Amino acid sequence: MTQIAERLARVRTRIRTAEARFGRPEGSVSLLAVSKTKPVAAIREALAAGQADFGENYLQDARDKQQALDPGEARWHFIGPLQSNKTKPVAAHFDWVHSVEREKIAKRLSEQRPEHLPPLNICLQVNVSGEATKSGLQPEAVPELAARIAGLPGVRLRGLMCIPAPAADFDAQRVPFRQLHELRESLVQQGLDLDTLSMGMSADLEAAVAEGSTLVRVGTDIFGPRQDQPSASREGDHE
Ligand SMILES: *Cc1c(COP(=O)(O)O)cnc(C)c1O
């Protein structure tokens, strides 16, 4: 086995163990392999080991890798901050976007989703307590935005995503994940059909599974530590 295959197997075991420990049905938590900044060779190793879903934060970095692989070989999830000047290629070349936090972005993704493709799966990124960044919607703003986005034809609102700051211990890790779970429950009670909680990373996936995560996003524990992000000049984000 390659090192990536071994690490993938270990992460899958962690997920299955957490499912069993916290009373979650086996297979109810899926794994997104976060390959940002990693070379296409690393993705090929993961594909060979049976991994199908990959998460990327930087558009040009992701496009280079997508073009090096066969179409349909992998499923692509955009998980980084998304500016409005990048929505068109994201709508055309990804299956999911986890980081929607504005109506304008959702509308553009819907309008720009090519007609031959199924609606783009999206999650709203929520700034729960202890969030690592300033990104994400305030929880109070989620119900209204979710209701408006739910009617857009080119996107399908699947659920919520968060990136909490590192917490001191397991119980503290669980708090923001529980908050996101409760928020989804309240939206479901409003009549929205949401099946996804995108939460949990290398350091806190067990806490996320305990609180109902349906998809964990793991980078470091599969692909190893990351160097810097791609240079700003290549990615050049402008509104
Ligand atoms: C980088 C990143 C991850 C993966 O984090 P690790 O700690 O390397 O597992 C998950 N989600 C998002 C949004 C990220 O940007």
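**Pockets, ligand surroundings and strand pairing in the predicted model**

Helix H3 (59-68) and helix H4 (87-93) each contribute at least two residues to the lining of the second largest pocket. Helices are DSSP runs of H or I of at least four residues, and strands are runs of E of at least two, numbered from the N terminus. A pocket is an open set of 1 Å grid points, computed over the protein atoms alone, where a 1.4 Å probe fits with protein on both sides within 12 Å along at least five of seven lines; its lining residues have an atom within 4 Å of a point. The structure is a predicted model, in which local features require pLDDT of at least 70 and side-chain atom pairs pLDDT 80 or more, whereas totals for chains, interfaces and linings use all residues. Numbering runs from 1 along each chain as its sequence is written, and side-chain values use heavy atoms, without hydrogens or water.

The second largest pocket holds about 420 Å³ of space, a volume being the space filled by probe spheres set on the grid points. Its lining comprises 19 residues, of which Gly72, Ala74, Trp76, His93 and Asp95 are the closest to the centre of the pocket. H3 provides the largest share of this lining, with three residues. By residue class, the lining of the second largest pocket consists of nine nonpolar, five polar and five charged residues; Asp, Glu, Lys and Arg count as charged, Ala, Val, Leu, Ile, Met, Phe, Trp, Tyr, Cys and Pro as nonpolar, and the others, including Gly, as polar.

The ligand is surrounded by 13 residues, and Lys36, Asn57, Ser202, Thr220 and Arg226 are the closest of them; a residue belongs to this group if one of its heavy atoms lies within 4 Å of the ligand. In the side chain of Ser202, an N or O atom lies 2.5 Å from an oxygen atom of the ligand. For Thr220, a polar side-chain atom is 2.5 Å from a ligand oxygen atom. In the case of Arg226, the separation between a side-chain N or O atom and an oxygen atom of the ligand is 2.8 Å.

Strand S1 (residues 30-34) pairs with S8 in the parallel sense over four bridges, pairing requiring at least two DSSP bridges between two strands. Within this pair, Leu32 is placed opposite Arg217 of S8. Strand S8 (residues 215-218) directs Leu215 and Arg217 one way and Val216 and Val218 the other way, and all are buried (under 20% relative accessible area for a 1.4 Å probe and protein chains only; over 50% is exposed, and values in between are partly exposed). Strand S3 (residues 75-78) and S4 run parallel and are joined by two bridges, with His77 opposite Trp96 in S4. Strand S4 (residues 96-100) is mostly covered, five of its five residues being buried.

Thr37 lies in the loop between S1 and helix H2 (40-48). Its phi is near 70°, a positive value in a residue other than glycine. Most residues other than glycine have a negative phi. Because its relative accessible area is 25%, Thr37 is classed as partly exposed.

Phe170 is located in helix H7 (residues 170-189) and is partly exposed because its relative accessibility is 26%. Phe170 and Ala147 are 23 residues apart in sequence, and their C-alpha atoms are 33 Å apart in space. Gln190 occupies the loop between H7 and strand S7 (196-198). With a relative accessibility of 45%, Gln190 is also partly exposed. The C-alpha atoms of Gln190 and Arg158 are separated by 14 Å, with the two residues 32 residues apart along the chain.

Technical notes. A polar contact is a pair of N or O atoms within 3.5 Å; within protein, one must be able to donate a hydrogen and the other to accept it, and residues adjacent in sequence count only if both atoms are side-chain atoms.
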